[in-house]
Amino acid sequence: MAPANPSYRLLIALVLAIIMMVLDQRTPWATPLRHALGYLTAPIHYLAHLPVDSGEWLTEQAQSRDSLQEENRRLKRQALILEQKVQRLAVLEAENVRLRELLNSSAELDANVLVAEIIGVDPDPNRQELVINKGTGDQVVRGQAVLDAQGLIGQVVDAGPLSSQVLLITDASHAMSVQVNRNGVRAVLAGSGQTGLKLLYVPDTADIEEGDLLVSTGLGQRYPRGYPVARVTDIRHQSGAAFADITAQPTARLDRASHVLLVQSTEAPLAPVTGKEASDGE
Amino acid sequence: MVNDRPAGTGVIIVTLLIAALLEVIPMPDSLDWVRPEWMLLVLVYWVLEVPGRIGVLWGFFVGLYHDVLVGTTLGQWGLSYALGAFVMLAAYKRMRVFTLIQQCAVIFLLVGTVSLLAYLVQESVGRTLYPPYTILYASLSSAVLWRPVCALLRWVQLRFLVR
């Protein structure tokens, strides 16, 4: 009845675990194992999301004809407004391409977009990650940018076969390059681990004001250029400190979004991602 | 016992998968702090009941599954669960004669130690934000829930004849 000798097995398990940790952190070789196990873990995430899904389905079924018609009218109005904006965008885009050709710089192509649903949130308060219902089967790749309708949400850090793990921009280990939309001042935007973001190493004299929109720069080749990321909420100048203390709030609704967009920038091919880079953000 | 052949591996796996579901089921942010280590509780129960079969390597693979499920470094929970299973294998005879309070205390210490080990790994890859004493909340809730989990699994064990 009693086990033969658990000490040897413990030794085997410890050695295996340590090898795996090193491989996972330093090399991409552990990815196949993670990928294979992903087939077994994804159903759990889908199952955990089932009550939410069926709840949404029920509300949809129980809605009255009137409210559906009202929603339909509202969406049609919204579509009309958006189409009108897109018309102007087409002209601007063509103009932009012409100007870029004059400058001899590469043209920005339309990004491929994939819609995904959030099916899980990381239970660990130390880490801010989401699980989405698209994986490598839907051409999701590691390092892909994730957005909602209002702005940038984060990036894919682990693409499983049926679901993927998304690191939020507010995670404490995440940082990215942004610029102020108004004047192009560049800075590093880091997550705080809470709901806010911090602008790092900004000189006290930099021209950044409250309410400024921060957009992605595309430097680091992880995020596509020009997507809104955050809005500056608070600037504190401390006498004696070399840098200003600037906080920002993400424009994306990180805590409320249920559907997200995955974009693949087609301007430049993504550099191969190693484990270390991905966990460090950009 | 007339028939001592091992049986019910499937049942054990199903209970572990249900625990995995409880690990990721959405909860309010404030309750995430006290989310018990469901998979560890279920694993410990089976180690105590069928120590001949469920041991260190089971702990390792269950932990590995946990790693992929929540997206931590591969081996972080694998290592911790393997060690937890080892400790329980060494103490399963004593655990059977312990009173309820003593059992809960052991579970509290075990969950705390195992979580601390996982925390150390997570710390070394730079993915921790809150101080390590925060794992005490989960250890406490795990200890409190040990008895109900035990009763439920006992019923499962008798109903499906797991040996």
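In the predicted model, B:Ser141 is in contact with B:Val34 and B:Pro36, its neighbours within four places in sequence being left aside. B:Ser141 belongs to helix 6 of chain B. With 18 C-beta neighbours inside 10 Å, B:Ser141 counts as partly exposed, because a residue is classed as buried at 20 or more such neighbours and as exposed at 12 or fewer. The C-alpha atom of B:Ser141 is separated by 22 Å from that of B:Val156, which is 15 residues away along the chain.

Helix 6 of chain B, residues 135-159, packs against helix 5 of chain B at an angle of about 145°, and the two axes are 8 Å apart. The crossing of these two helices is right-handed. On the side of helix 5, the residues that meet helix 6 include B:Leu100, B:Cys104, B:Ile107, B:Phe108, B:Val111 and B:Tyr119. Helix 6 of chain B contributes, among others, B:Ile135, B:Leu136, B:Leu140, B:Trp146 and B:Arg147. By class, the contact between the two helices has 13 nonpolar, five polar and one charged residues. In the segment after helix 6 of chain B lies B:Leu161. The phi angle of B:Leu161 is near 50°, a positive value in a residue other than glycine. B:Leu161 has 10 other C-beta atoms within 10 Å and is therefore exposed.

The contact between the two chains involves 39 residues of chain B and 41 residues of chain A. Four helices of chain B, namely helix 1 (9-24), helix 3 (56-70), helix 4 (76-97) and helix 5 (100-124), each supply at least two residues of the side that touches chain A. The largest share of that side comes from helix 3 of chain B, with eight residues. Sorted by class, the residues of chain B on this side are 25 nonpolar, ten polar and four charged.

At 1.5 Å a residue, its 15 residues should span 21 Å, and the C-alpha atoms at its ends are 21 Å apart, so the two values agree. Of the 15 residues of helix 3 of chain B, 13 are buried, so the helix is largely enclosed by the rest of the structure. Just after helix 3 of chain B comes B:Gly71, with a positive phi of about 75°.

On the chain A side, A:Pro123 is one residue with contacts in chain B: leaving aside neighbours within four places in sequence, A:Pro123 is in contact with B:Glu23, B:Val24, B:Asp32, B:Arg35 and B:Val70. A:Pro123 is found in the loop between strand 1 (112-121) and strand 2 (129-132) of chain A. It counts as partly exposed, with 19 C-beta neighbours inside 10 Å. The C-alpha atoms of A:Pro123 and A:Gly191 are separated by 18 Å, while the two residues are 68 apart along the chain.

Chain A as a whole has four helices and twelve strands. Of its 282 residues, 31% count as buried. Among the contacts in chain A between residues at least 6 apart in sequence, 58% join residues at least 24 apart.

Helix 1 of chain A comprises residues 6-26, and these 21 residues should span 30 Å at 1.5 Å a residue; the end C-alpha atoms are 30 Å apart, which agrees. The buried residues of helix 1 of chain A are A:Pro6, A:Arg9, A:Leu10, A:Ala13, A:Ala17, A:Met20, A:Met21 and A:Asp24. Seen down the axis of helix 1 of chain A, these buried residues fall within an arc of 100°, so they line one face of the helix. An α-helix has 3.6 residues a turn, and therefore residues three or four places apart point the same way. On the other side of helix 1 of chain A, A:Tyr8, A:Val15 and A:Arg26 are exposed.

A residue with positive phi also occurs in chain A. A:Tyr201 has a phi near 55°, a positive value in a residue other than glycine. A:Tyr201 lies in the loop between strand 8 (197-200) and strand 9 (213-216) of chain A. With 11 other C-beta atoms within 10 Å, A:Tyr201 is exposed.

Methods
Residues are numbered from 1 along each chain as its sequence is written. Chains are lettered from A and ligands numbered from 1 in the order in which they are written. This is a predicted model: local features need pLDDT of at least 70, side-chain atom pairs count only at pLDDT 80 or more; totals for chains, interfaces and linings use all residues. Two residues are in contact if their C-beta atoms, placed from the backbone, lie within 7 Å. Ala, Val, Leu, Ile, Met, Phe, Trp, Tyr, Cys and Pro count as nonpolar, Asp, Glu, Lys and Arg as charged, and the others, Gly among them, as polar. The expected span of a helix is 1.5 Å times one less than its number of residues. Axes are lines fitted to C-alpha atoms, for helices over the stretch in contact, and angles run from 0 to 180 degrees between N-to-C directions. A crossing is left-handed if the near helix is turned anticlockwise from the far one by less than a right angle, and right-handed if clockwise. The arc is that of the directions from the helix axis to the C-beta atoms.
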